[in-house]
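Subject: A helical model for you to look at

Hi there,

Here is the model I promised to pass on. Please open it next to this note, and the findings follow below.

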Amino acid sequence: MQIAGDPKRSARRLRLQIERLPPYPALFLVAGPLAVVEPLKLATVFIAGEGHWITSGLVLLFAYAVSLFATHWLFVIVKPKLLTLRWFARLWASFARVRDKARRWIRKRVSRLRMS
């Protein structure tokens with residue numbers, strides 16, 4: 001059985017359509033999966049509380065996979081558009097400063113541990 005269409009071509013076409021979005025629709029596009037995935041992660045606590053540990057673990061694994069792959073893929077595509085929003089660009093710059101400072105702090109601590 002053969003599937004109609006080329007998956008790479010379809011993904012490329014989808015990416016081009018997403019790249020053409022204005023900034024706010026692009027923001028809502030990224031927020032959509034997050035609005036579903038984040039409550040799903042919380043729901044796993046309730047599922048585990050009912051004694052369904054395996055189901056809870058599978059749901060949590062699925063939620064993290066969607067969050068990691070789909071949301072990251074979308075964010076990479078729409079980030080240039082989002083950075084055209086002044087408030088988002090300031091927020092991203094602040095995040096990047098904190099992230100870089102944390103990385104430097106961790107590297108310094110790790111190098112001290114290696115020297116000991």
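The expected span of a helix is 1.5 Å times one less than its number of residues. Helices here are DSSP runs (H or I, at least four residues), numbered from the N terminus. Helix H2 has 27 residues, so at 1.5 Å a residue it should span 39 Å, and its end C-alpha atoms, 40 Å apart, agree with that.

Before going further, please note that this is a predicted model, in which local features need pLDDT of at least 70 and side-chain atom pairs count only at pLDDT 80 or more, while totals for chains, interfaces and linings use all residues. Residues are numbered from 1 along each chain as its sequence is written, and side-chain values use heavy atoms, with hydrogens and water left out.

**H2 against H3**

Two packed helices are described by the angle between their axes and the distance between the axes. Axes are lines fitted to C-alpha atoms, for helices over the stretch in contact, and angles run from 0 to 180 degrees between N-to-C directions. For helix H2 (residues 23-49) and helix H3 (residues 53-82), the angle is about 165° and the axes are 9 Å apart. H2 is therefore roughly antiparallel to H3 (the term covers angles over 145 degrees). The crossing of H2 past H3 is left-handed, meaning that the near helix is turned anticlockwise from the far one by less than a right angle.

The contact of H2 with H3 involves 22 nonpolar, five polar and three charged residues. In this count Ala, Val, Leu, Ile, Met, Phe, Trp, Tyr, Cys and Pro are nonpolar, Asp, Glu, Lys and Arg are charged, and the others, Gly among them, are polar.

Buried means under 20% relative accessible area, exposed over 50%, and partly exposed in between (1.4 Å probe, protein chains only). In H2 the buried residues are Ala26, Val30, Val37, Lys41, Thr44 and Ala48, and H3 is part of what covers them. Just after H2, glycine 51 has a positive phi of about 95°.

**Two residues that face each other**

Threonine 44 belongs to helix H2 and is buried at 4% relative accessibility. Beyond residues up to four places away in sequence, threonine 44 touches Ser56, Val59 and Leu60, where contact means heavy atoms within 4.5 Å.

**H1 against H3**

Helix H1 (residues 7-19) packs on H3 at about 35°, with the axes 9 Å apart, and this crossing is right-handed (the near helix is turned clockwise). Leu14, Arg15, Ile18 and Glu19 of H1 meet Trp73, Leu74, Ile77, Val78 and Lys81 of H3. The residues of that contact are six nonpolar, no polar and three charged.

Isoleucine 77, in helix H3, is buried at 5% relative accessibility. Leaving aside neighbours within four places in sequence, isoleucine 77 is in contact with Arg15, Ile18 and Glu19. Its C-alpha atom is 32 Å from that of threonine 55, 22 residues apart along the chain.

**An exposed leucine**

Leucine 58 lies in H3 and is exposed, with a relative accessible area of 53%. From leucine 58 to threonine 71 there are 13 residues in sequence and 19 Å in space, C-alpha to C-alpha.

Best wishes

How values were computed. Helices (H or I, at least four residues) and strands (E, at least two) are DSSP runs, numbered from the N terminus. Angles under 35 degrees count as roughly parallel, over 145 as roughly antiparallel, 65 to 115 as roughly perpendicular and the rest as oblique.
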